[in-house]
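Hello,

Here is the structure I promised to hand over. Please open it first, then read the notes below it.

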Amino acid sequence: MATIGHFIDGKRVAGTSGRFKDIFNPNTGQVQSIVAMATPSELDSAVASAVKAQVIWAQTNPQKRSRVLFAYKQIVEANMDELAALLSSEHGKVIADSRGDVIRGVDVIEFACGIPHGQKGEHTYGAGPEIDVYSMRKPLGVVAGITPFNFPAMIPMWMFGMAISTGNACILKPSEKDPSVPMRLAELFVEAGGPVGLLQCINGDKEIVDAICDHPVIKAVSFVGSSDIAQYVYARATANGKRAQCMGGAKNHGIIMPDANMDQAVKDILGAAYGSAGERCMALPVVVPVGKGTAERFLEKMLPAIEAMRVGVSEDPDADYGPVVSAVHRDSIAANVGKAVEEGATLLVDGRDFELQGYEDGFFIGPSLLDNVTPDMETYQDEIFGPVLQIVRAETFEEALKLPSEHQYGNGVAIFTQNGRVAREFADRVEVGMVGINVPIPVPVAYHSFGGWKRSAFGTANQYGMEGLRFYTKVKTVTQRWPEGETNDSAFIIPTF
Ligand code: NAD
């Protein structure tokens with residue numbers, strides 16, 4: 001059986017801890033490989049290599065750094081088929097969706113190729129008598145990225161694309177459930193001509209996450225995962241004086257106004273609720289039909305659409321979604337459906353007993369649809385992270401606006417309407433970080449930035465875009481004077497100009 005170690009100092013190395021975790025093929029339910037759990041001393045080796053590489057990288061002129069990133073973008077694109085297949089085989093999402101996972105990451109690498117423009121700094125000529133002021137954005141040094149299982153290509157690239165382009169070295173700690181794509185991404189960086197040590201990958205669990213948060217040389221931690229762990233990593237990393245940006249879970253609402261184009265809304269919500277088996281932090285697991293009769297009109301179209309959906313293996317080009325990541329996760333999704341019924345929700349579609357012929361051991365679960373869900377239910381408050389759509393009916397716009405605004409999570413939200421004034425007011429007032437107007441999954445493009453509010457994000461900096469640039473750099477401001485002869489300033493008062 002294949003054993004996955006770490007990518008340290010430009011090469012794949014076996015782990016030394018003797019501790020491993022199983023990696024499953026979610027389609028078959030079989031263990032396909034094992035991954036080593038790193039030790040703090042393996043982290044030390046990676047950090048030592050990163051320090052050496054980063055010092056030289058930070059002195060490399062920006063256009064040369066960009067050329068490396070540009071070559072990297074090309075090599076990732078050239079390896080798209082291999083990466084997508086590898087991703088699907090460990091995650092379970094369908095191949096077309098895995099390609100999307102890689103492409104949305106490459107978008108950030110593309111943006112990162114232009115970082116020299118953003119990192120130029122500011123300059124004021126003549127801020128005082130013969131005084132000029134300029135500021136520069138210096139890299140932090142060695143930084144770390146800790147990523148979740150659900151986007152094993154995109155999220156690592158959000159982090160190391162921004163970290164490396166701004167002059168840092170990055171140590172990646174991917175999810176132990178699907179580490180092969182991040183490992184390959186690190187390897188491809190060296191194949192593209194990237195300096196050895198600048199991008200490394202160490203695998204592991206809580207032990208190595210703690211070691212990263214405590215490591216004296218690592219200057220910043222970027223984390224994406226569930227909220228309790230995000231909050232824990234944020235607290236631990238910042239207590240150790242590091243910068244931290246820690247993104248957490250989500251429960252995104254799709255508001256359907258009475259005037260929405262219902263055919264379009266149903267199509268959009270179907271994909272956003274069930275695509276990738278609901279394992280997206282920007283999925284739409286809650287739909288809020290507003291006003292009399294809107295829920296009925298929604299259901300009239302949604303029920304046959306769910307019926308027509310196809311759940312299949314990742315390689316099936318006709319499958320709408322594949323298996324979830326693990327048996328434990330599948331069982332937790334099913335348990336949540338049962339709990340919702342106990343809490344009083346009406347189960348309109350029950351996906352719990354779904355089995356795919358020939359793949360009875362795979363981690364498949366069919367789509368579920370729950371109606372009459374209310375805000376007091378725990379299954380509404382909690383993230384289920386599976387192919388389960390909950391309907392919360394609202395009588396008015398104000399009632400609908402309150403639901404996502406008062407929810408503990410505030411990652412994304414969408415409104416479906418044909419009324420620009422209503423949409424504009426909603427976007428302005430809703431207490432959520434990313435808003436879609438007739439856009440079901442409003443993940444911002446690479447030159448904007450990604451970040452939720454409330455328990456969906458800890459720390460102030462968003463991922464990628466100019467926010468990412470600011471997170472991975474520190475400002476140094478130089479005030480210089482080139483007087484002719486001596487000046488008459490008093491040395492005892494604060495200089496005023
Ligand atoms: P997770 O929190 O279980 O794992 C994320 C990372 O934390 C992994 O690298 C894991 O090894 C590590 N980890 C796990 N337990 C730990 C512990 N006790 N101490 C320290 N580190 C630990 O998340 P997941 O199941 O891999 O991913 C799904 C979650 O991520 C969902 O909640 C989803 O909403 C969220 N997510 C959020 C965003 C976002 O940008 N807001 C994006 C994608 C996923």
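20 residues of domain 1 are in contact with 23 residues of domain 2. Contact here means heavy atoms within 4.5 Å. This is a predicted model, so local features need pLDDT of at least 70 and side-chain atom pairs count only at pLDDT 80 or more, while totals for chains, interfaces and linings use all residues. Residues are numbered from 1 along each chain as its sequence is written, and side-chain values use heavy atoms, with hydrogens and water left out.

First, the layout. Domain 1 covers 2–248 + 456–478, and domain 2 covers 253–437. These bounds come from an automatic or database domain assignment. The C-alpha centres of domain 1 and domain 2 are 31 Å apart.

Next, the area. The size of an interface is often given as the accessible area lost when the parts come together. Domain 1 and domain 2 bury about 1,800 Å² between them, and 56% of that is on carbon and sulfur atoms. On the domain 1 side, Asn27, Val94 and Ser456 lose the most area to domain 2 and together make up 31% of what that side buries. Buried area is the accessible area (1.4 Å probe) that two parts lose on being put together, summed over both.

**Across the interface**

How many salt bridges run between domain 1 and domain 2? The count is one. A salt bridge is a side-chain nitrogen of Lys or Arg within 4 Å of a carboxyl oxygen of Asp or Glu. Aspartate 97 and arginine 280 form a salt bridge through their side chains, at 3.0 Å from N to O. Aspartate 97 sits in helix α4. Aspartate 97 is buried, with a relative accessible area of 18%. The classes are buried under 20% relative accessible area, exposed over 50%, and partly exposed in between (1.4 Å probe, protein chains only). Leaving out residues up to four places away in sequence, aspartate 97 touches Ser276 and Arg280.

Polar contacts come next. Between domain 1 and domain 2 there are 10 residue pairs in polar contact, both at pLDDT 80 or more. Two elements give two or more residues to the side of domain 1 that touches domain 2: α3 (80–91) and α4 (95–113). α3 gives the most to that side, with three residues. By class, that side of domain 1 has six nonpolar, 10 polar and four charged residues.

- Helices (H or I, at least four residues) and strands (E, at least two) are DSSP runs, numbered from the N terminus.
- Ala, Val, Leu, Ile, Met, Phe, Trp, Tyr, Cys and Pro count as nonpolar; Asp, Glu, Lys and Arg count as charged; the others, Gly among them, count as polar.

The structure holds 29 salt bridges. One of these joins the side chains of lysine 206 and aspartate 210, at 3.0 Å from N to O. Both lie in helix α8 (residues 206–214), four residues apart, about one turn of the helix. Buried or exposed? Lysine 206 is partly exposed at 48% relative accessibility, whereas aspartate 210 is buried at 13%.

Aspartate 210 also meets arginine 236 in a salt bridge of 3.5 Å, N to O. Arginine 236 is in helix α9 (residues 227–239) and aspartate 210 in helix α8, so the pair ties together parts 26 residues apart in sequence. Arginine 236 counts as partly exposed, at 26% relative accessibility.

Then there is the salt bridge between the side chains of aspartate 263 and lysine 301 (3.2 Å, N to O). This pair links distant parts of the chain, 38 residues apart: aspartate 263 is in helix α10 (residues 262–274) and lysine 301 in helix α11 (residues 294–307). Lysine 301 is partly exposed, with a relative accessible area of 33%. Elsewhere, salt bridges that share partners join Arg12, Glu82, Arg184, Glu187 and Glu191 into one network.

**Two single residues**

Histidine 6 lies in strand β2 (residues 6–8). Histidine 6 is buried, at 0% relative accessibility. A polar atom of its side chain lies 3.0 Å from the backbone nitrogen of asparagine 203.

Glycine 420 belongs to helix α15 (residues 420–429). Glycine 420 is exposed, with a relative accessible area of 52%. From glycine 420 to isoleucine 437 is 17 residues in sequence and 9.1 Å in space, C-alpha to C-alpha.

Best wishes

Definitions and conventions: Polar contact = N/O pair within 3.5 Å; in protein donor to acceptor, adjacent residues only side chain to side chain.
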